[in-house]
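User: I would like to learn how to read helix packing and sheet layout in a model. Please take me through one case.

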Amino acid sequence: MNRNLTSEIAAGPQMNIHDFANALEKRLKEEVPSAQLKREAEFERNHVIDPAWELSQAHPEICVSVHPAKKREMCGAGCGGADPSSRVKGCPRCWKESKGWSAVNAFGTRNNFDLVAKDREGKILAVEVKWLAFSSGKGPNGEFQRFIGQCALAAAIHDEVIGVCGFRGQPRKKFDEQEDAVRKTMRGIGVRLVLVQAKLNSKK
Ligand SMILES: [Zn+2]
């Protein structure tokens, strides 16, 4: 666990979902993924799930659920229990239970998100993750649009939504020409966009 993070937040007051979203957004913006990362699952695990899980371990009043890991290990003392040390990241029982309150069912579609969390008052958060590449300057338009759409769907029922989009490769157009306009529009419907650019020499 990141020592600075732990000492900074461990002794703090109880968080609600908005405090958690603030802290997580700040933390995710500090991530510098490696441009060598190819798979979205790796980006998601190293740069989104792990930091969110660390934060929730320091703040057990926030229950985080993520997609089950390969070994399908379950929480020690029941799920969502008072003892945060017995919680298991990627517990399949927690994940299944979370679908009931986190999925957005609309127009005959069922939409799930990459990471979800709930506070003591039942307020909820969703995180949607995307790992995109520019190849010879060409933008991943379709995938980006899908990501924005998922974030908008999440905002229909979630009290907080964070959309984390990692980019690798070099865009042909100026990266942030209308970035602020998109960011502002999404914030207006309750979505915090975190856009991170991969670095060639980053170790993670
Ligand atoms: Zn569990």
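User: At what angle do helix α2 and helix α3 pack, and how far apart are their axes?

Analyst: Two packed helices are described by the angle between their axes and the distance between the axes. In this predicted model, helix α2 (residues 17-29) packs against helix α3 (residues 40-58) at about 140°, and their axes are 10 Å apart. Angles over 145 degrees count as roughly antiparallel; α2 and α3 are therefore oblique to each other. Their crossing is right-handed.

User: Which residues make the contact?

Analyst: From α2 come Ala-23, Leu-24, Arg-27 and Leu-28, and from α3 come Val-48, Pro-51, Ala-52 and Leu-55. By type, the residues of this contact divide into seven nonpolar, one charged and no polar.

User: How should I read the sheet: in what order do its strands lie?

Analyst: Strands of a sheet pair through backbone hydrogen bonds, either parallel or antiparallel. Here the sheet is open and has five strands in the order β1-β4-β5-β6-β7, with mixed pairing. At its edges stand β1 (63-66) and β7 (191-197); each has a single partner strand, so one side of each is left without a neighbour in the sheet. From one strand to the next, the twist averages 15°.

User: How many bridges join β6 to β7?

Analyst: Strand β6 (residues 160-168) and β7 run parallel and are joined by seven bridges.

User: Which strands does α3 touch?

Analyst: α3 packs on the sheet and touches β1, β4 (115-118), β5 (124-133) and β6. The direction of α3 makes about 150° with that of β5.

User: What angle does helix α5 make with β5?

Analyst: Helix α5 (residues 141-155) also packs on the sheet, with its direction at about 180° to that of β5. The strands that α5 touches are β5, β6 and β7.

User: Where do these elements sit in the chain as a whole, and what pattern does the chain follow?

Analyst: The chain has six helices and seven strands. Along the sequence they follow the pattern α-α-α-β-α-β-β-β-β-α-β-α-β.

User: What share of the residues count as buried?

Analyst: Of the 204 residues of the chain, 32% count as buried. For contacts, consider those between residues at least 6 apart in sequence: 66% of them join residues at least 24 apart.

Notes. Residues numbered from 1 in each chain as written. Predicted model: local features only at pLDDT ≥ 70, side-chain atom pairs only at ≥ 80, totals over all residues. Helix = DSSP H or I, 4+ residues; strand = E, 2+ residues; numbered from the N terminus. Buried ≥ 20, exposed ≤ 12 C-beta atoms within 10 Å, placed from the backbone. Contact = placed C-beta atoms within 7 Å. Axes fitted to C-alpha atoms, helices over the stretch in contact; angles between N-to-C directions. Parallel < 35°, antiparallel > 145°, perpendicular 65-115°, else oblique. Left-handed = near helix turned anticlockwise from the far one by under 90°. Nonpolar A, V, L, I, M, F, W, Y, C, P; charged D, E, K, R; others polar. Pairing = 2+ DSSP bridges.
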